[in-house]
Amino acid sequence: MKKNLTRRELMQVLGAAGLGAAFGSRARPAAAAEPSPEGSGFDGGLIPSSVPPHAPVALAGGKVIQPQRELPVFHQTDVLVVGGGAAGWAAAVAARRAGAKVALIERYGCFGGLWTGGMVLVVIGTHARENGQARKVFRGVGDELLSRLSRLDGAIVKYGPDIPNPTVDPEATKYMMDEMAREAGVSVFFHSWGADAIMDAATVKGAVFESKAGRQAILAKVVIDASGDGDMFAAAGAEFEQRSYAIGTVHRLGNVDRLDREKMKAAGQKLPPLGAATPLQGVTWVNVRGPKGNGLDIEALSRLEMDHRRDIWNRVQQVRRTPGGEPACLLETAPQLGVRITRVLGGAYQLTLKDARDGRKFPDVVAVGGGGGVMQSEWQIPYGALLPRQVDGLLAAGRCISVDARLLDDTRLIAPCLMTGHAAGAAAALAAQTGCRPRDVDIPGLQKLLKEQGAYLG
Ligand SMILES: Cc1cc2nc3c(=O)[nH]c(=O)nc-3n(C[C@H](O)[C@H](O)[C@H](O)COP(=O)(O)OP(=O)(O)OC[C@H]3O[C@@H](n4cnc5c(N)ncnc54)[C@H](O)[C@@H]3O)c2cc1C
């Protein structure tokens, strides 16, 4: 069928196919047997096709061959952020506020990644413990987000200057992340899966992404890999190591405030965990550790996800069968599987647990971590941990930055991910604006910008 048919031509084609009546009039049958809220006003109008021209993939001699082809350039920007989790969102907001043009691609339809879609609701790592006192290290755009959540009803609990590790509501968090990204002026492209790095020799110049509109390119002066799994640095040929880690599925339970705990105790059974409080009354979130696995293996991930859902369903039924536990219900399993760690960047500097324990000071400090994983007192994160060793035009942020295996349980927490995201965004903006490589960014200038944007550097 040719592309832009007139309505008359379309009617002729459809008429020949016996479908004309369905499109022939806006009028609907007066009384459907079962009236439905989907029943009226949804006629689809013809719009120009949005699938870019492509060369078909061929099966030749048993091999699948993709012919060389030119890709449409969908967008050009200063800074492209791949992944809209805690780190990517903070990077995009910080870079845009620093004056750079910023685009962000995210494979799902919301910000937050594991924090919201993965329903990991406790923001750990906000405070360090010094001399028995909690001292706040978590500031900047991430803390501004929490502070704005604290002004909404039912959005956050346990938030305050001396209170570590607040718990958020995922919907409120998604909403506020949208608001702040919009206010900053980030060009947001959800439903876009970063598939490849665009390279000029060893310099990243943008990313290829897949969406319902096909395979397209975004060109950028600096790309930030905030995919959590290092998809971009792996595609760009940067050094990394890959780890297997515990993979779980978080879920939320409802009516937990209506359980008769005494009666349940009297039943004498060992019951599954009922989770931790959230901002919504009677709703808890349940963390699941899960078995170790390769978070890049789709077969294993699919099996695990189905196994987790079965286990969770059975656990909730067990609670409901227990006297006193009847009101409990499963509200939802997290739409995003809880993959904790996969690829970890081999960076210009690999931060170690020893550095953190020794309280090592770095001249290029860009963030300060708190307690929650292995660490309790504050520790510095240097810019070198965000920089690939050889590849240029690229920074990493969030759970995939360059650290040794023993510090991963601290750097992957939500607060440090928000902070390394903030740092990567500010650095990328400076690199794009001054036309230098990210590795040549003026460190005092970067630290000044971060402080102006509210970050704490020790
Ligand atoms: C089960 C579990 C429990 C945890 N418990 C806690 C806890 O209690 N407290 C705490 O502080 N931390 C906890 N963590 C750790 C923390 O949640 C994560 O490490 C942190 O949220 C990671 O943030 P991130 O932005 O680096 O990565 P992610 O949240 O993984 O974000 C990456 C984003 O990039 C997108 N993306 C990925 N690949 C692509 C691509 N190729 N193209 C486009 N988009 C892409 C993803 O959809 C996602 O939105 C837990 C983690 C898990 C899994």
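Helix 3 (86-97) makes the largest contribution to the shell around the ligand, supplying three residues (helices, H or I, of at least four residues, and strands, E, of at least two, are DSSP runs numbered from the N terminus). The structure is a predicted model, in which local features require pLDDT of at least 70 and side-chain atom pairs count only at pLDDT 80 or more, whereas totals for chains, interfaces and linings use all residues. Residues are numbered from 1 along each chain as its sequence is written.

At least two residues of the shell also come from each of strand 10 (193-200) and helix 11. Of the 38 residues around the ligand, Gly83, Gly85, Gly113, Gly228 and Gly398 come nearest (a residue is near a molecule if its C-beta atom, placed from the backbone, lies within 6 Å of it). By residue class, the shell comprises 17 nonpolar, 14 polar and seven charged residues; Ala, Val, Leu, Ile, Met, Phe, Trp, Tyr, Cys and Pro count as nonpolar, Asp, Glu, Lys and Arg as charged, and the others, Gly among them, as polar.

The protein is divided into domain 1 (73-243 + 342-452) and domain 2 (246-337), with bounds from an automatic or database domain assignment. Their C-alpha centres lie 29 Å apart. The contact between them takes 18 residues from domain 1 and 13 residues from domain 2 (two residues are in contact if their C-beta atoms, placed from the backbone, lie within 7 Å). On the side of domain 1 that touches domain 2, strand 7 (156-157) and strand 8 (167-168) each supply at least two residues; this side divides into 10 nonpolar, six polar and two charged residues. Because both domains give residues to the shell around the ligand, the shell lies between them.

Alanine 94 is located in helix 3 and counts as buried because it has 31 C-beta neighbours inside 10 Å (20 or more other C-beta atoms within 10 Å define buried, 12 or fewer exposed, and values in between partly exposed; C-beta atoms are placed from the backbone). Beyond four places in sequence, alanine 94 contacts Val141, His422, Gly425, Ala426 and Gln453. The C-alpha atoms of alanine 94 and glutamine 453 are 7.7 Å apart, although 359 residues separate the two in sequence.

Helix 11 (residues 414-434) is mostly covered, with 19 of its 21 residues buried. Glycine 435, with a positive phi near 70°, follows helix 11.

The average pLDDT, the predictor's confidence in each residue from 0 to 100, is 92 for the protein, and 90% of the residues score at least 70. Over residues 1-32, pLDDT stays under 50. Where pLDDT is low, the predicted coordinates should not be read in detail.
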